[in-house]
2 protein chains.
Amino acid sequence: MSGLWLALIALLVAWSLGAAAEGPQQEANKKAVIAFYEAAINQKDFEAASKYLGPRYVQHNPNAPDGPEGLKAFLGFLKEKFPNAKSEIKRVFAEGDYVILHVHAVREPGTRGSAIVDIFKLENGKVVEHWDVVQPIPEKAANTNGMF
Amino acid sequence: MSGLWLALIALLVAWSLGAAAEGPQQEANKKAVIAFYEAAINQKDFEAASKYLGPRYVQHNPNAPDGPEGLKAFLGFLKEKFPNAKSEIKRVFAEGDYVILHVHAVREPGTRGSAIVDIFKLENGKVVEHWDVVQPIPEKAANTNGMF
């Protein structure tokens, strides 16, 4: 069998396996977003978090002002009002330029907190855009599976 | 160069390109979830939607009862109370067994509606588990970028 055929078959196998479901860029993006999230939301350290930001930070969370300055203001608010706020990342997905986090956020220890999905867009490994959806976890649920 | 080397190089190229960022299973999963969503949420047609369900439907939405029967009840509720409810899928992501939708859901035409992220787990191309996070779109926002 010629080398070309072998190469073609290897490509097809790699693709069909979905073993290549994530390339190294997606893996690097996941690591960057997890580190950014930890620095920003858990450490509330804007300087540390800003290392992971690209040349802009387009904010879609309706409660946060746009840009890096908006993030800085939000982290200042968190640090002052909810210094013990903790967010636990439950699931991480990546596709293309996007990283998606499924998060359990608790602003005051001992409270139920909120379920959040954050979507980050990255360029050259840096965070440039953010969307999220936030829902307080209700006291009662119609099923016993939990929100995560 | 031996065929084995060519094959190895082809594998590495495929992986590093991230061109293989989605395998055919992830593409099929996306199509199944989009069709499921359209049948369930927009058509409110449980019979049509149930074709895309696997042997179970584990529900994490705290307002919906567990299982296929819970989905059937929810779609019945939608059809009766919000027959004109429409959901527009804004973004679709897939990784591994998961498909993630970023959705603008409007229950009554002309209202702002909600931002939703739905996460579906699939097995053998069928939907078996669902999480979501739902946030009403506020009238005013701290930035002009919109929630999508």
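Colleague: Is B:Val134 buried, partly exposed or exposed?

Modeller: The general idea is to check the relative accessible area: under 20% counts as buried and over 50% as exposed. In this predicted model, B:Val134 comes out at 26%, so we call that residue partly exposed.

Colleague: Okay, and where in chain B is B:Val134 found?

Modeller: Look at strand β5 of chain B, residues 126–136.

Colleague: Which residues does B:Val134 touch?

Modeller: For contacts, we look for heavy atoms within 4.5 Å. Leaving out residues up to four places away in sequence, B:Val134 touches A:Val133, A:Val134 and A:Gln135 from chain A, plus B:Ser114, B:Ala115 and B:Ile116 from chain B. Take B:Ile116: it sits 18 residues from B:Val134 along the chain, yet their C-alpha atoms are separated by 4.6 Å.

Colleague: Now over to chain A. Why is strand β3 said to be largely enclosed by the rest of the structure?

Modeller: Go along the strand and check each residue. In β3(A), residues 98–106, nine of the nine are buried, so the rest of the structure largely encloses this strand. Then check both faces: A:Tyr98, A:Ile100, A:His102, A:His104 and A:Val106 are buried on one side, and A:Val99, A:Leu101, A:Val103 and A:Ala105 on the other.

Colleague: Which strands pair with β3(A)?

Modeller: To call two strands paired, we want at least two bridges between them. β2(A), residues 86–95, runs antiparallel to β3(A) with nine bridges, and A:Ile89 stands opposite A:Val103. β4(A), residues 114–123, is also antiparallel to β3(A), with eight bridges; here A:His104 faces A:Ala115.

Key. Residues numbered from 1 in each chain as written. Chains lettered and ligands numbered in written order. Predicted model: local features only at pLDDT ≥ 70, side-chain atom pairs only at ≥ 80, totals over all residues. Heavy atoms only, no water. Buried < 20%, exposed > 50% of the residue type's maximum accessible area, 1.4 Å probe, protein only. Helix = DSSP H or I, 4+ residues; strand = E, 2+ residues; numbered from the N terminus.
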